Amino acid sequence: MTEFEPGIPIRVADTQIPVKRILGLNPGPMTGPGTNSYLIGKERLCLLDPGPKDDVQFENFMAAIGDTKLDYILITHTHGDHSPGAAKLQQATGAELVGLPAPEVAGQDKSFKPSKKWQDGDLVETDEYSIRLVHTPGHVSNHICFLLEEEQMLFTGDHVLQGTTSVILPPDGDMGDYLDSLAKLQRLPLQFLAPGHGSIMEDPAFELEKLIAHRLKREQKIIDGLKELGICDLDRLVLTVYDDVAEHLIPWAKRTLLAHLIKLERDDRVSSQDDNWQLH
């Protein structure tokens, strides 16, 4: 069995509270091996990010849960590769739905209806463990990371990924919020990062510092690009700023470039007119 075996529960770390990844059946350019769903606990279970609607994966979840009660379904955010599988699972188990409602923008799973109004700092508590909600807007405005407090394991959804970086999607996604959220995570006591895509990371301080440095380096590349090119549009600027990105990812890179530019405009370092950008 490999580390990434679709549909099979596999322990991801040497923890007292079992955490099993159940890899989604949705590999692809934007999802990598697939969406990571996580089954947490022994006798009191939570399942995080059941992914897209998939009858086969639903049966995999039910087999993994077995006769044990599923208390909660945790949703990091309402993109189609993370939350749509929650509705059927909730109907089958009666589990409480934890997360934030979908924002009113395109590409969001409007079917997700949390069981109550959840907010930053709330605790999901069982007699085995506690999981704290950590609101981390940036990738999208309703993004939540979940901290398994007893193990200092943070389930990061698409906020921190292993081996790649998250796309920031304006107008709902915000680069300034994203960087602030990374700084917020740096203040937490963490031993593990469990991402929505990729492998467990066991040096959270290093990973967060590296990610912030990467974003600031990209920001500087934008400044340097505008110095070189002068007034230009996104189509031209993206080829300079993201010259290290595969061609099929350029449309996504352009979305994140816009997020950087909006932040820089808010910081009064660039300005825009008629979809063209220039340095101040």
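Helix 4 gives the largest share of the lining of the largest pocket, 6 residues. Helices here are DSSP runs of H or I with at least four residues, strands are runs of E with at least two, and both are numbered from the N terminus.

A word on the source. This is a predicted model, where local features need pLDDT of at least 70, side-chain atom pairs count only at pLDDT 80 or more, and totals for chains, interfaces and linings use all residues. Residues are numbered from 1 along each chain as its sequence is written, and side-chain values use heavy atoms, with hydrogens and water left out.

Back to the pocket. A pocket is an open set of points on a 1 Å grid over the protein atoms alone, where a 1.4 Å probe fits, with protein on both sides within 12 Å along at least five of seven lines. Lining residues have an atom within 4 Å of a point. The largest pocket has a volume of about 1,100 Å³. That volume is the space filled by probe spheres set on the points, with points joined across faces, edges and corners.

How many residues line the largest pocket? The count is 45, and Met-30, Leu-161, Thr-165, Ser-166 and Val-167 lie nearest its centre. Helix 4 (204-229) and helix 6 (250-266) are the elements that give two or more residues to this lining. By class, the lining has 19 nonpolar, 17 polar and 9 charged residues. Asp, Glu, Lys and Arg count as charged; Ala, Val, Leu, Ile, Met, Phe, Trp, Tyr, Cys and Pro as nonpolar; the others, Gly among them, as polar.

Next, His-139. Find this residue in the loop between strand 8 (130-135) and strand 9 (144-148). Is His-139 buried or exposed? His-139 is buried, because its relative accessible area is 5%. The cut-offs, with a 1.4 Å probe and protein chains only, are under 20% for buried, over 50% for exposed, and partly exposed in between.

What does His-139 touch? Its side chain makes a polar contact of 3.2 Å with the side chain of His-79. A polar contact is a pair of N or O atoms within 3.5 Å; within protein, one must be able to donate a hydrogen and the other to accept it, and residues adjacent in sequence count only if both atoms are side-chain atoms. A polar atom of the His-139 side chain also lies 2.5 Å from the backbone oxygen of Val-167.

Last, Asp-49. This residue lies in the loop between strand 4 (44-48) and helix 1 (55-65). Asp-49 counts as buried, because its relative accessibility is 0%.
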